[in-house]
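Dear colleague,

A short account of the findings comes after it.

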Amino acid sequence: MGLLEIDEVSVQFGGLLAVDDASISVPEGCVTGLIGPNGAGKTTLFNVITGLQAPSGGRVRLDGADITRRRPYRRARLGIARTFQRLEAFGSLTARENVLVALEMRRRWAKSRYDSGKIAAELLERVGAAQVADKRVDSLPTGSARLVELARALATDPKVLLLDEPSSGLDEQETDALGVLLHELTADGLAVLLVEHDMPLVMEACTHISVLDFGRIIAEGTPAEIQADPSVQRAYLGTAKSAS
Amino acid sequence: MTSMQAVPTPDATDDEVPILQLAAVRAGYGRIDVLHGIDLELRAGEVFALLGPNGAGKSTTLAVCSGQITPSTGGMFLCGRDVTGVAPDALARAGVCLIPEGRGIFPNLNVLENLRMATFTGHSFSQVLDLAFAQFPRLGERRKQTAGTLSGGEQQMLSMARALATEPAVLLIDELSMGLAPIIVEELYEHVRRIAASGLSILIVEQFAHEILGLADRAGIMLHGRLLHTGPPASIADELADAYLGAEHETPAAHPSQ
Amino acid sequence: MSQRWSNLLVWAGTIAFIVLVSKAAWAGNPVNGTSLTNLVVLALPVAGIIAMSATGLVVVYTTTGVFNFAQGAIGMFLAYVDWELTVAHGLPQAVALPLVVLVIAPLLGIGLDRAIMRHLQGKQLVVQLMVTVGLLFAFVGLANMIWNQNNAHSMPQLFAGKGFHIGDVLLTWHRFITIMVAVALAIGLRILLVRTRIGIAMRAVVDNRDLAALEGARSSVLSSFAWALGCSVAALAGILIAPETADMSTTTLTFLILTAFAAAVVGRLRSLPLTYLGAIILALATQWMASFLRFSDRWTNVPDALPTIMLFIVLLLLPRAEVQFARIGQIRRVERVSSVRDTAIGLAAFVAFMAILTLFLSSSDPTNTNRLALGMCTALLALSLVPLTGWAGQVSLAPLAFAGIGAVAYTRLGGAHGSVWAVFLAALVTIPVGALFAFPAMRLQGLYLALATLAFAAMVEEVFYTQPFAVGPGERPVARLHLLGIDFSSPKSFLILVTVVFGLCGVGVVALRRSPFGRRLVALRDSEAASVTVGVNILETKLAVFALSAGIAGFAGAFYAMSFGTLNNAQGFQMIAGLPVVLALVIGGVGFVAGALFAGVFGFVTLFVQDNWHISLWIALFYLAPGLAVLGIIQNPSGAVVPIGEGFARLLPWRKDAKQEYEEMTAAAAEPEVGELGLERPFAESDVLLVDRELGISNDVPRPVAAARSS
Ligand SMILES: Nc1ncnc2c1ncn2[C@@H]1O[C@H](COP(=O)(O)OP(=O)(O)OP(=O)(O)O)[C@@H](O)[C@H]1O
Ligand SMILES: Nc1ncnc2c1ncn2[C@@H]1O[C@H](COP(=O)(O)OP(=O)(O)OP(=O)(O)O)[C@@H](O)[C@H]1O
Ligand SMILES: [Mg+2]
Ligand SMILES: [Mg+2]
């Protein structure tokens with residue numbers, strides 16, 4: 001039983017079934033991978049989990065409680081945080097302020113007081129965006145903006161972190177650092193659901209992977225099993241690509 | 001009106017006029033420079049890979065090449081003709097095609113209308129459709145969908161479709177692989193290789209070196225707004241690791257390798 | 001509340017409203033076949049007129065992304081040009097009409113585009129809207145200057161008013177043609193916008209201008225074409241509508257466009273057929289009121305409010321706006337958040353300046369002192385929009401309506417004898433009113449919200465002040481404040497009082513921006529999707545800022561009332577009078593306290609010019625508003641106070657960093673805006689050929705890939 005349970009979720013756009021009876025379980029303390037070809041429904045599934053998209057069927061549970069009909073900001077307060085595939089930073093705020101917005105929301109329902117300025121600095125440091133803390137986010141290159149978004153997501157002190165292609169726009173160094181960061185975070189007990197097309201990162205970071213194709217889960221298993229699965233190779237991995 | 005202008009003779013190694021050349025270009029946003037003197041040449045029919053870490057100025061370089069940013073000093077030449085300050089639409093019609101990073105679609109138009117926009121460079125609509133849908137059957141299934149609701153990867157396909165369908169003379173690609181499934185990336189690289197073989201000149205920007213170096217004729221590393229090394233991919237691969245570490249390469253002068 | 005339920009509620013409310021109003025105001029005319037046929041036949045031409053006006057709105061919005069308040073004014077102006085050619089110079093309409101519609105109007109459109117409109121692409125909504133409002137005033141002023149409104153003008157109908165009968169009613173050829181032209185336009189424009197490349201390209205430029213250029217579309221040509229088209233449609237509408245108005249009053253023709261808003265919104269600013277359906281419904285409703293209902297006393301103005309009531313209802317029926325993702329090519333804004341300390345120092349200096357100024361003002365003739373006080377009231381009112389529009393990005397065009405409510409509240413709750421509590425009560429009353437309005441309106445986004453506020457302002461104007469519990473028919477005296485034993489009834493002391501109040505509120509507003517709440521507002525504006533996923537409650541936050549803004553406006557309203565001295569139901573709080581306040585704030589800088597101050601100064605200058613130069617308000621505004629709006633807004637879309645502030649701050653010893661900061665700020669906001677740098681060079685076909693030749697490509701096989709493929 002995972003911390004986050006996605007139970008037979010379906011999403012329909014007009015005549016198109018973007019997600020079709022998908023079930024995924026995201027346990028705490030490890031990274032769960034979600035991969036699949038373009039247009040498979042991964043981002044849509046993220047939108048369902050965070051409440052930005054109402055599912056046409058199925059349930060989402062957090063810690064056993066049904067949150068399918070909760071409003072998005074409530075889910076955030078319950079501990080679901082995410083980053084976006086197409087950047088959604090607060091462009092006219094600085095990186096630090098981006099993080100502060102999230103921190104201050106958390107402070108409103110946290111019991112103990114704390115110094116948000118200090119935590120913001122720590123978070124930016126942790127994701128590797130400390131140098132750009134006082135720059136406006138819309139003038140940052142994509143990669144740095146992504147890191148700021150990650151710091152902002154962490155600032156809500158989540159139980160579950162949903163990452164939608166976090167490594168796109170990062171360079172190799174930063175991607176490696178991201179892998180390390182993911183390990184640290186899960187060691188602290190966080191549950192991470194990772195959507196990513198960068199196979200080395202996925203294979204290295206995830207303990208368990210689900211493969212989505214045309215809205216359906218076509219395979220599940222450990223990285224090794226997934227890599228060996230012929231249907232996954234056909235639908236997604238291709239031939240030349242394999243994990244390093 | 002634009003007078004024929006002699007190119008400041010580049011390296012003496014070959015006398016062929018490069019199809020695209022940046023000479024000592026400084027450029028940036030507002031009054032703040034991001035590029036500090038870029039000398040870059042793209043020879044006819046070659047694939048040039050521009051590598052470098054986050055924020056090095058790669059996208060800015062492409063913005064200069066496509067005419068979106070006018071260099072504050074220095075010049076840009078197309079087949080030896082001075083095109084510094086020429087508007088991007090004119091450059092596009094002259095055959096320079098940029099696939100921008102991440103925002104290459106019209107979100108409120110549908111797929112067909114997006115592709116219709118690719119006909120400004122002289123191809124007929126049916127030609128564009130044939131080429132685009134042959135390469136990306138997925139788009140064919142989504143003709144009437146509003147582009148903004150396509151998945152991230154589908155948007156990237158739509159953006160790439162223009163490059164493949166309009167057959168430009170110079171193709172500038174910013175982070176081709178971003179957001180695409182490995183199998184698609186593999187196909188795309190295959191396609192890039194094919195069109196490169198047909199004589200088109202390609203300047204391609206990537207963060208990840210491995211696949212692209214296999215495909216490039218030459219490569220360059222950018223760091224802090226300077227082009228540090230250019231040369232054959234093999235020689236670049238060694239330099240690359242150092243470049244990403246950054247610190248050792250604060251040396252201001254560009255040193256093009258011969 | 002789910003979409004279905006809220007829609008049901010609106011429908012039920014609307015039907016109940018119609019039934020109740022019809023019952024209460026029933027005039028007693030018989031409803032039978034004949035009267036209903038007459039109603040329909042009378043309504044059709046009205047529908048034609050509304051449809052024509054709305055077509056212009058829809059076309060311009062679709063092709064340029066700008067909602068053009070000036071559409072009616074442009075039509076009016078061109079109708080006058082047509083009048084000049086036909087009536088004054090005797091040209092036959094068969095020559096004049098094509099000349100105006102196909103030559104003069106497109107030229108005007110191209111000129112407008114070159115000078116102003118193309119610079120508006122990708123700017124904030126409020127900036128776009130206000131520039132068109134500025135143009136509206138400019139065209140009215142220009143027309144009034146050229147064609148003296150004291151003389152009657154009239155334009156004959158086409159075919160001299162001949163026509164044919166349907167039932168008892170004469171349908172003139174003119175009206176018949178109007179209807180036919182509307183239908184033909186709908187078909188033609190649909191084909192243009194969806195089928196042709198130029199139509200698609202115009203929409204593409206609205207969507208992603210940079211990319212359109214990268215694909216080789218000449219965006220400057222496209223936007224010129226779009227405005228030429230828009231002006232042609234405006235001219236056609238203006239010329240066909242002008243004979244239907246009493247004496248071609250410039251204002252009637254101009255503000256007819258407000259009637260068209262509801263119809264255009266029915267079509268969601270996209271679909272012309274739906275727009276026409278809206279026009280027909282609106283026309284039927286108008287005729288129904290005119291034929292069967294009678295309004296008097298406190299309800300006299302209800303028929304005038306009908307289009308805005310309908311606009312409001314239609315807006316409420318729109319589907320709930322989805323959570324917004326940051327848009328492609330997000331708007332970049334220059335924003336400097338000054339520290340609370342700097343603001344406090346600046347505003348204290350300003351109060352001191354004002355105090356010194358009063359020493360030089362004449363004591364015997366308080367006119368200028370009163371004008372200054374009114375200017376400060378305007379500044380206070382403009383301040384109410386700084387958090388709402390400047391930071392949260394929600395455009396409100398109804399600040400003056402809230403001020404009016406505040407003024408009434410002050411007057412009725414103790415202001416008649418200058419009670420201090422009444423000032424705070426004024427704010428306290430408007431806060432729930434603001435929240436009450438915002439609650440349904442929050443489902444709307446951007447432009448639709450702006451239009452809802454406009455409708456709200458119009459409804460307040462037409463049906464609120466006439467109520468006996470508000471102002472009623474007569475006049476109500478208002479006293480100025482007694483505070484801490486001081487009587488602020490003398491002009492000078494009152495001026496100082498308003499200035500101090502402005503200063504305190506200004507500091508408060510800046511402190512707010514520096515607080516978590518202020519950051520949250522900006523975050524919400526930049527990306528709603530990201531805001532909710534970090535736990536921001538959008539509804540609550542928007543309600544809060546709307547209520548806050550209403551509160552400040554109500555507060556300002558109390559001072560307006562004091563400044564006026566008496567209150568009557570036709571005084572100073574009309575919807576139209578609110579637009580210049582917003583305009584002035586936008587010129588100054590909508591995200592800055594100094595921008596609000598700028599709006600105050602602007603208000604003062606307007607009053608000064610108006611009274612001393614003996615010209616009407618229109619003309620004063622003609623001189624000031626559009627000139628400043630165009631020059632100022634185009635130069636500094638973030639506000640005139642940005643460069644002023646930079647120049648000023650550099651003089652201060654503790655602001656040594658000002659210059660560098662300004663440069664960084666403008667750099668961050670600079671878009672690589674191409675073509676407007678004056679560096680654009682032609683790259684002609686011959687050059688292309690040359691490039692091809694250099695590439696070794698023969699003329700018949702223009703691209704290398706094509707060569708490879710065909711082999
Ligand atoms: N609002 C919408 N209307 C219609 N179709 C939609 C809408 N949103 C998404 N889709 C479609 O649903 C499918 C799933 O989209 P989604 O964004 O979830 O894909 P994805 O798995 O994230 O792909 P990628 O890896 O390319 O980002 C796509 O085919 C997309 O075109
Ligand atoms: N609009 C802008 N305004 C101000 N500075 C900018 C703007 N866009 C980019 N920059 C700055 O220019 C520098 C180079 O950015 P650029 O986008 O060219 O990098 P890049 O090499 O493409 O990086 P990435 O791989 O992350 O895309 C960065 O330091 C960035 O902060
Ligand atoms: Mg996705
Ligand atoms: Mg880049």
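This is a predicted model: local features need pLDDT of at least 70, side-chain atom pairs count only at pLDDT 80 or more; totals for chains, interfaces and linings use all residues.

Residues are numbered from 1 along each chain as its sequence is written, chains are lettered from A and ligands numbered from 1 in the order in which they are written, and side-chain values use heavy atoms, without hydrogens and water.

In chain A, the magnesium ion (ligand 3) is coordinated by A:T43 (OG1) and A:Q85 (OE1) at 1.9 to 2.1 Å. Donors are N, O and S atoms within 2.8 Å of the metal (3.2 Å for Na, K and Ca); water is not among the atoms, so sites may look incomplete. Because A:T43 lies in helix α1 (residues 42-50) and A:Q85 in the loop between β6 (80-82) and α3 (95-109), the pair ties together parts 42 residues apart in sequence. Helices (H or I, at least four residues) and strands (E, at least two) are DSSP runs, numbered from the N terminus. A:Q85 is buried, at 13% relative accessible area, whereas A:T43 is partly exposed, at 26%. Buried means under 20%, exposed over 50%, and partly exposed in between (1.4 Å probe, protein chains only).

B:S59 belongs to helix α1 (residues 58-65) of chain B, and B:E101 to the loop between β6 (96-99) and α3 (111-116), 42 residues apart. B:S59 is partly exposed, at 29%.

In chain C, C:L107 lies in helix α4 (residues 93-115) and counts as exposed, at 56% relative accessibility.

Yours sincerely
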